[in-house]
Amino acid sequence: MHAFLERNSPVTLDSSVNSLSWRGTEKEGWLAVGNTNRVVGVTYTEISEGNGVGEEKSDGSEELEQQNLRRNFNFREHTQNVTVVRWNKQLDKIATCDAHGSVIVWRNQDGRSIMELVNHRGIPISDFQWSNDGTKVLISYVDGYVLVGTAMGRRLWTRRLSIGTYVTQNTNPNRASELLSSTWSADDSRVVVGSSIGELIELDALDEGRLISTTEVLPGIGIIGLQWVGVPDPKRKERLSLYLKNGKVVLMTSCGDQHATIIKTGLVDGRMQWSEDGSLLAVAGYRRTRGQATIRFFNPSGTLLYTLPLSTKKHVTALTWGHANRRVFVATGQQIHVATVQKAIPSLQTICRHKIAEALKSREGSSELPLPHKLRGGIVGSFQSTIQGHVPDDDLLAYISRSPPAGHRLYCTVKPNFTAAQPSSTKHRHAGSFTLYVEHLGSLYPILVANRRSSKIKQSFAISLSNLPKTRPEGNTPSSQKGLVETGFVAPSDPSPNNSVDVVQTPPEEPREQVTIHPRLTIETEEEGTVKTMLKGMGVDHCSPATMKEAASRTRKVPNILAEVISNVMSSKFRIQGSCHQVPSDLGTVSIKTSLLHIQPRKVTVMLPKMDGCDSGIDTDVSDISEDDDVFEDLPESVLPSASTHSVMRKLSSRRLSTTPDPAIVLNSKTPTWNEQHMIYQLDFGGRVTTKSAKNFQLELGNKQVLQFGRIENGSFILDFQAPFSPLQAFAVALANLC
């Protein structure tokens, strides 16, 4: 077999991942992520066929377009860290558990996820497992409480186990014993649970949890993973697998198997899972001999087939298979690694294709390779990501200036930023600034920040880029260098082998070209002075000319303010205008009409100029130049252009001045329906909005909803949009609604 990591792997999140679960088909599916941010993220995954050349949309993409292009779900109902997520593939449900013992079962209905069941016991849950036919649930708690019920919420039986009484000798009586893992048998007739001191307890699932057997595997060694699956072996049709805390895997035919197979994986504190067909066992954990996380694959007899190291030193926190055993998703803290698995022996061409892709920085570099079109397309296909989503990249300015690609819809969160003097209970309209985040895999990526300008006459916002720090592979950047990472370069530090932070090695200082006026006075450009002041504020007193040049270029490329949202005196009409040459000067207008006593819902009208992608970066504002002006009249004759050149430029200038702008795109808010029973106006936000507010609205274009804005908990808002809106325009429309 052969396995390799995706070129775009790993995906870095803003919180640690505790659990992973996947469901779907060979080509498409959904990856559920439970994290320490008390959020469950569900994101669409897809394997594109065709080696990157002329792929056709899969049936899943067409289905998503019919479901309003939804590719991302975020569940925010948990109050503690989410520890377990489990898909029910037969009934299309997902169960999520948190550290406080709450269990929530979600089901999909008409493209949205709603809560179906809620159970709260107040004791942490060690494991949650659906039965193989999807009709029952098995919940095990750390205090030894075991519950079995139906998928519809009816309790069948419960049993409290006395952990520690089933072993001959407790090696550490001072340590609290607890349940760690559980599993169903292959025929769903029995359940097996494992404890932190090596107890393996088998119960009868059809007879009120009657105790069948107890086995002491290894005294004092916790059983952190259990799975009972069918394997393609005529002699052993079932296989009970145990993953121990010391890194050993025990393969048994039953709980009392005296001839069990023990595999020394060499991977500790990790996760284990069999593939769906039972032909491959994936074990991911920390490899102490190499000091890095590693994935290893074994066959049903315990033979090692392949070892795949991961580019991280962090411990493994979650693992799951996907796409009919063609992908493995592994979480190490805040990162998710995606591995491609091929059971067959790879061809030499396949290996070379992946090696070439590893040497390239991006897929654009493949166009320069002297290779046949088919081989070049295979290299481009190596850059395709299984985890789908239009997330920010290195070019954040281009990201916020363009509309999402066709078939994509951005799901965002707008959060108010309160100062120390402003408590979080303050109403959102008094917040000094707002931040726009893109939701992806249960995490939030900040992209834009809007600061409110104080004015007693007109309200306005200034929008700028958010400080999106560069991702470090290990995430262990020293605190003294965090400010430098956000700007794209790091101050010189000790270049020792143990230091895993990429640093810029500065050569010995070279003499600078200065104009000496006085022994204590030198003259420098205004740009150099600005950059030196910025670097000094980051703790960098001396830097090389190359670093100074790079800093100056970044200062020129990224302006402080991208756009402004300016209102009239009545705060009923707003103009969105660009404040730099990187974005168009005209971004649109917003008109908000409210009733006199605010009894009727407000009406929002947005006018957007027609634009292809984003602006070219050339300032085309020529309003202060007329056709009769001679732009060369103040120039000396020696530098005047020739008559022919002058006439050509005149024609080009006249053509540009006479060009009329394209008609604007007009979008109107959807009229809400009146609910006579609750005496309130309502809109269908697909479960995204949780708090009623007069500021909740949806914009339509040709009877199709393209933007929605609504309030959620803690004074935050959701902002979902697609083309023709760019992130900058959508954020500006939301800010106008918040004035």
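# Briefing: confidence, aromatic pairs, salt bridges and a surface patch

The protein averages a pLDDT of 77, and 73% of the residues score at least 70. The structure is a predicted model. A search of the whole structure finds 18 salt bridges, and the count of aromatic pairs comes to ten. A nonpolar surface patch is also present, made by Ile457, Val569 and Met570.

**Confidence**

- Over residues 50–68 the pLDDT stays under 50, and for this segment the model has 33 contacts beyond four places in sequence.
- Residues 469–528 likewise stay under 50 in pLDDT, with 75 contacts beyond four places in sequence in the model.
- Where pLDDT is low, the predicted coordinates should not be read in detail.

**Aromatic pairs**

- Ten aromatic pairs are counted. In one of them, the ring centres of Trp30 and Phe73 are 5.6 Å apart with the planes at 65°, and the pair is edge-to-face because that angle is over 60 degrees.
- Trp30 belongs to strand β4 (residues 28–35) and Phe73 to strand β6 (residues 72–75), so their pairing ties together parts that are 43 residues apart in sequence.
- Trp30 and Phe73 are both buried.
- Another pair, Phe697 with Phe709, is tilted, with 5.9 Å from centre to centre and 40° between the planes.
- Because Phe697 lies in strand β43 (residues 697–700) and Phe709 in strand β44 (residues 705–711), this pair ties together parts that are twelve residues apart in sequence.
- Phe697 and Phe709 are both buried.
- Trp30 and Phe73 also form one aromatic cluster with Tyr44.

- Side chains of opposite charge can pair when their charged atoms come close.
- Asp127 and Arg86 form a salt bridge in which the closest N and O atoms are 3.2 Å apart. This pair links distant parts of the chain, with Asp127 in strand β11 (residues 125–130) and Arg86 in strand β7 (residues 82–88), 41 residues apart.
- Asp127 has a relative accessible area of 7% and is therefore buried, the cut-off being under 20%.
- Asp143 and Arg160 meet through their side chains in a salt bridge of 3.4 Å, N to O. The two residues are 17 residues apart and link distant parts of the chain: Asp143 is in the loop between β12 (136–141) and β13 (145–150), and Arg160 is in strand β14 (residues 155–160).
- Asp143 counts as partly exposed, at 29% relative accessibility.
- In the salt bridge of Asp277 with Lys343, the closest N and O atoms are 2.6 Å apart. Asp277 is in the loop between β23 (268–274) and β24 (281–287), and Lys343 is in the loop between β29 (335–342) and α2 (348–359), so the pair ties together parts that are 66 residues apart in sequence.
- Asp277 is partly exposed, with a relative accessible area of 34%, and Lys343 also counts as partly exposed, at 43% relative accessibility.
- A network of salt bridges links Arg76, Glu439, Arg688 and Asp720.

**Nonpolar surface patch**

- Ile457, Val569 and Met570 make a nonpolar surface patch of about 360 Å².
- Val569 has 55% relative accessibility and so counts as exposed, for which the cut-off is over 50%.

Notes. Residues numbered from 1 in each chain as written. Predicted model: local features only at pLDDT ≥ 70, side-chain atom pairs only at ≥ 80, totals over all residues. Heavy atoms only, no water. Patch = residues over 30% accessible without salt bridge, like charges linked within 9 Å, V, L, I, M, F, W, Y side chains within 5 Å. Areas by Shrake-Rupley, 256 points an atom, 1.4 Å probe, with all protein chains shown as cover. Salt bridge = Lys/Arg side-chain N within 4 Å of Asp/Glu carboxyl O. Buried < 20%, exposed > 50% of the residue type's maximum accessible area, 1.4 Å probe, protein only. pLDDT = per-residue confidence, 0-100. Contact = heavy atoms within 4.5 Å. Phe/Tyr/Trp six-rings, centres within 6.5 Å; stacked < 30°, edge-to-face > 60°. Helix = DSSP H or I, 4+ residues; strand = E, 2+ residues; numbered from the N terminus.
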